[in-house]
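Biologist: I have a model open and would like to learn how to read it. Can we go through it feature by feature?

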Amino acid sequence: MVQMNPIVMVPQIFLSGIFELNGFWETLSHCTPIYYIADGLTKVMLKGCGFSDIAGNVLVLLGFCLFFIILNIQLLKKQRSI
């Protein structure tokens, strides 16, 4: 798992919204969880926004969590049946 970390995390760092991206790359960045984390932290720490301003980001992150939990359960079921 540790060996997969650079393959998964490094592209997400570039797509997190910290760097200015255009076109396809900006659209792709909205498919990564770290984008919503960085956006929420920017709103809270730099702009002084409250929870109501980042509620959308929190909901999207909860959706990602739910998706990955369900995916993990399905993969573990498949692994156990082998």
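This is a predicted model: local features need pLDDT of at least 70, side-chain atom pairs count only at pLDDT 80 or more; totals for chains, interfaces and linings use all residues.

Biologist: Is Ala 55 buried or exposed, or in between?

Modeller: Look at relative accessibility. Below 20% is buried, over 50% is exposed, and partly exposed lies in between. Ala 55 has 24%, so Ala 55 is partly exposed.

Biologist: How far is Ala 55 from Met 4?

Modeller: Ala 55 and Met 4 are 51 residues apart along the chain, and their C-alpha atoms are 31 Å apart. Now try Gly 50, in the loop between α3 and α4. Gly 50 and Gly 40 are 10 residues apart in sequence, with 9.8 Å between their C-alpha atoms. Gly 50 has a relative accessible area of 34%, so Gly 50 is partly exposed.

Biologist: Next, helix packing. At what angle do α3 and α4 pack?

Modeller: Read the angle together with the distance between axes. Helix α3 covers residues 33–45. Its angle to α4 is about 155°, and the two axes are 9 Å apart. An angle over 145 degrees counts as roughly antiparallel, so α3 is roughly antiparallel to α4. The crossing of α3 past α4 is left-handed.

Biologist: Which residues make the contact between α3 and α4?

Modeller: Take each side in turn. From α3 come Pro 33, Tyr 36, Ile 37, Asp 39, Gly 40, Lys 43 and Val 44. From α4 come Asp 53, Ile 54, Asn 57, Val 60, Leu 61, Phe 64 and Phe 68. Sorted by class, the contact of α3 with α4 has 9 nonpolar, 2 polar and 3 charged residues.

Biologist: Let me pick Val 44 from that list. What does Val 44 touch?

Modeller: Leave out residues up to four places away in sequence. Val 44 then touches Cys 49 and Ile 54. Val 44 belongs to helix α3. Its relative accessibility is 36%, so Val 44 counts as partly exposed.

Biologist: Now the rings. How many aromatic pairs does the structure hold?

Modeller: There are 5 aromatic pairs. For each pair, read the distance between centres, then the angle between planes. Tyr 35 and Tyr 36 are 5.1 Å apart centre to centre, with 90° between the planes, and form an edge-to-face pair. Both of these tyrosines are buried.

Biologist: What about the rings of Phe 64 and Phe 68?

Modeller: Their centres are 6.4 Å apart and their planes are at 15°. Planes under 30 degrees apart count as stacked, so the Phe 64 and Phe 68 pair is stacked. Both residues are in helix α4, residues 51–81. Phe 64 and Phe 68 are 4 residues apart, about one turn of the helix. Phe 68 has 43% relative accessibility, so Phe 68 is partly exposed.

Biologist: Which residues do the ring pairs link into a cluster?

Modeller: Follow the pairs from ring to ring. They join Tyr 35, Tyr 36, Phe 64, Phe 67 and Phe 68 into a cluster.

Technical notes:
Residues are numbered from 1 along each chain as its sequence is written. Side-chain values use heavy atoms; hydrogens and water are left out. Rings of Phe, Tyr and Trp (its six-membered ring) pair if their centres lie within 6.5 Å; planes under 30 degrees apart count as stacked, over 60 as edge-to-face and the rest as tilted. Buried means under 20% relative accessible area, exposed over 50%, partly exposed in between (1.4 Å probe, protein chains only). Helices (H or I, at least four residues) and strands (E, at least two) are DSSP runs, numbered from the N terminus. Axes are lines fitted to C-alpha atoms, for helices over the stretch in contact, and angles run from 0 to 180 degrees between N-to-C directions. Angles under 35 degrees count as roughly parallel, over 145 as roughly antiparallel, 65 to 115 as roughly perpendicular and the rest as oblique. A crossing is left-handed if the near helix is turned anticlockwise from the far one by less than a right angle, and right-handed if clockwise. Contact means heavy atoms within 4.5 Å. Ala, Val, Leu, Ile, Met, Phe, Trp, Tyr, Cys and Pro count as nonpolar, Asp, Glu, Lys and Arg as charged, and the others, Gly among them, as polar.
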